[in-house]
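Hello,

Please find the structure below, followed by notes on what was found in it.

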Amino acid sequence: TTLFRSDQKRGKKQTAREMKKKILADRRKPLNVDHMNEDKLREKAKEMWDWLYQLESEKFEMSEKLKKQKYEVTTLRNRIDQLQKHSKKGAAAGKGKVGGRWK
């Protein structure tokens with residue numbers, strides 16, 4: 001069973017890699033700049049720069065969103081911990097009184 005599990009994990013990793021390769025292949029387009037004159041090359045360079053700028057903007061937005069989500073998760077975990085501490089104190093006191101024993 002251990003060998004089977006490791007094969008499953010390896011299979012998932014491989015399919016994820018294949019998906020990533022496919023996505024990157026779709027994004028990467030051949031340049032075909034050999035036949036272009038100077039104006040076309042400038043236009044192509046501007047087009048690529050605009051695309052890079054857009055990707056960098058998206059990357060920045062995603063990283064900010066990730067930071068915000070991490071902060072929210074941490075905050076919510078802290079709230080859960082605080083609530084659990086208070087509920088344990090109340091439950092422990094209630095048990096002692098109901099059971100007739102002191103802990």
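Is Asp50 buried, partly exposed or exposed? Asp50 is partly exposed, with a relative accessible area of 34%; buried stands for under 20% relative accessible area, exposed for over 50%, and partly exposed for what is in between (1.4 Å probe, protein chains only).

Some notes on the source. This is a predicted model, in which local features need pLDDT of at least 70 and side-chain atom pairs count only at pLDDT 80 or more, while totals for chains, interfaces and linings use all residues. Residues are numbered from 1 along each chain as its sequence is written, and side-chain values use heavy atoms, with hydrogens and water left out.

Salt bridges

The count is 3 salt bridges, a salt bridge being a side-chain nitrogen of Lys or Arg within 4 Å of a carboxyl oxygen of Asp or Glu.

- Asp50 pairs with Lys46, with 3.0 Å between the closest N and O atoms. The two are 4 residues apart in helix α2, about one helical turn, and Lys46 is exposed at 51% relative accessible area. Helices here are DSSP runs (H or I, at least four residues), numbered from the N terminus.
- Arg42 pairs with Glu38, the closest N and O atoms being 2.6 Å apart. Both are exposed, and both lie in helix α2, 4 residues apart.
- Glu64 and Lys67 meet at 3.3 Å, N to O. They lie 3 residues apart in helix α2, about one turn. Glu64 is partly exposed at 35% relative accessibility, whereas Lys67 is exposed at 52%.

Lys44

Lys44, also in helix α2, is buried yet has no salt bridge. The nearest side chain of opposite charge is that of Glu47, 4.1 Å away; Lys and Arg count as positive, Asp and Glu as negative, and His and the chain ends are not counted. Leaving aside neighbours within four places in sequence, Lys44 is in contact (heavy atoms within 4.5 Å) with Leu31, Val33 and Met36.

Largest pocket

Lys44 and Glu47 are among the residues that line the largest pocket, as are Leu31 and Trp51. A pocket is an open set of points on a 1 Å grid over the protein atoms alone, where a 1.4 Å probe fits, with protein on both sides within 12 Å along at least five of seven lines; lining residues have an atom within 4 Å of a point. The space in this pocket is about 210 Å³. Helix α2 (residues 38-99) gives the largest share of the lining, 4 residues. By class the lining has 4 nonpolar, no polar and 5 charged residues.

Regards

Terms used:
Points joined across faces, edges and corners; volume = space filled by probe spheres on them. Nonpolar A, V, L, I, M, F, W, Y, C, P; charged D, E, K, R; others polar.
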